[in-house]
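Open the model in your viewer and keep the selection panel at hand. Each stop below says what to select and what is there.

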Amino acid sequence: MTMYATLEEAIDAAREEFLANNPGVSEEEANVQQFNIQKYVLQDGDIMWQAEFFADEGDDGECLPMLSGEAAQSVFDDNFDEIEIRQEWLEENTLHEWDEGEFQLEPPLDTEEGRAAADEWDER
């Protein structure tokens with residue numbers, strides 16, 4: 001899993017990965033049907049992003065489906081508004097780093113560390 005400091009970097013990397021996984025397809029000929037993203041909050045408070053493109057709608061990846069069809073193709077073609085994508089992201093889907101490299105939607109509240117992490121997340 002590779003995460004990026006900005007959503008734009010994550011989208012650029014996802015575009016490159018899509019093209020690498022589909023040899024023989026140029027960027028102009030690519031037909032993208034699904035765009036997925038995931039937002040992460042690290043223990044130090046940094047926000048990171050991951051993105052994916054798929055040729056078929058409904059393909060499973062590491063991220064959550066965000067856009068499909070023409071909207072996904074527009075993002076692939078670099079014709080999108082990053083602010084709009086950020087606004088459409090549901091904060092309850094954000095993954096928080098609980099332990100180094102381990103991410104969860106909610107911290108486990110049955111331990112002192114989990115309660116401390118929950119308190120920190122609530123402060124943000």
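## Stop one: a pair in a helix

Select Arg 15 and Asp 12: they sit three residues apart in helix H1, so about one helical turn separates them. Keep in mind that this is a predicted model. Show both side chains. Arg 15 and Asp 12 meet in a salt bridge, 2.8 Å from N to O. Now color by accessibility. Arg 15 counts as buried, because its relative accessibility is 8% and the cut-off for buried is under 20%. Asp 12 is partly exposed, with a relative accessible area of 28%.

## Stop two: across to a loop

Most residues other than glycine have a negative phi.

## Stop three: a strand and a loop

Move to Lys 39 and Glu 91. Their side chains form a salt bridge of 2.9 Å, N to O. Is Lys 39 buried or exposed? Lys 39 is buried, with a relative accessible area of 10%. Glu 91 is partly exposed at 47%.

Zoom out to take in the salt bridges. Shared partners join Asp 12, Arg 15 and Asp 78 into one network. The count of salt bridges comes to four.

## Stop four: the strands

Select S4, residues 95–99. This strand is mostly covered, with four of its five residues buried. S1 and S4 pair in the parallel sense over two bridges. S4 and S5 pair in the antiparallel sense over three bridges.

Click His 96 in S4. What stands opposite His 96 on the S1 side? Val 41 does. In S5, the bridge partner of His 96 is Gln 104.

Now follow the chain from S4 into S5. The two strands make a hairpin with two residues between them. Select Gly 101 in this hairpin: its phi is positive, near 80 degrees.

## Stop five: a charged patch

Switch to a surface view. Select Glu 16, Glu 27, Glu 28, Glu 29 and Asp 77. These residues gather in a patch of negative charge on the surface.

Where is Glu 29 found? Glu 29 is in the loop between helix H1, residues 7–21, and S1. Glu 29 is exposed, because its relative accessible area is 58% and exposed means over 50%.

Technical notes: Residues numbered from 1 in each chain as written. Predicted model: local features only at pLDDT ≥ 70, side-chain atom pairs only at ≥ 80, totals over all residues. Heavy atoms only, no water. Buried < 20%, exposed > 50% of the residue type's maximum accessible area, 1.4 Å probe, protein only. Pairing = 2+ DSSP bridges. Patch = residues over 30% accessible without salt bridge, like charges linked within 9 Å, V, L, I, M, F, W, Y side chains within 5 Å. Areas by Shrake-Rupley, 256 points an atom, 1.4 Å probe, with all protein chains shown as cover. Lys, Arg positive; Asp, Glu negative; His and termini not counted. Charge placed at Lys NZ, Arg CZ, Asp CG, Glu CD.
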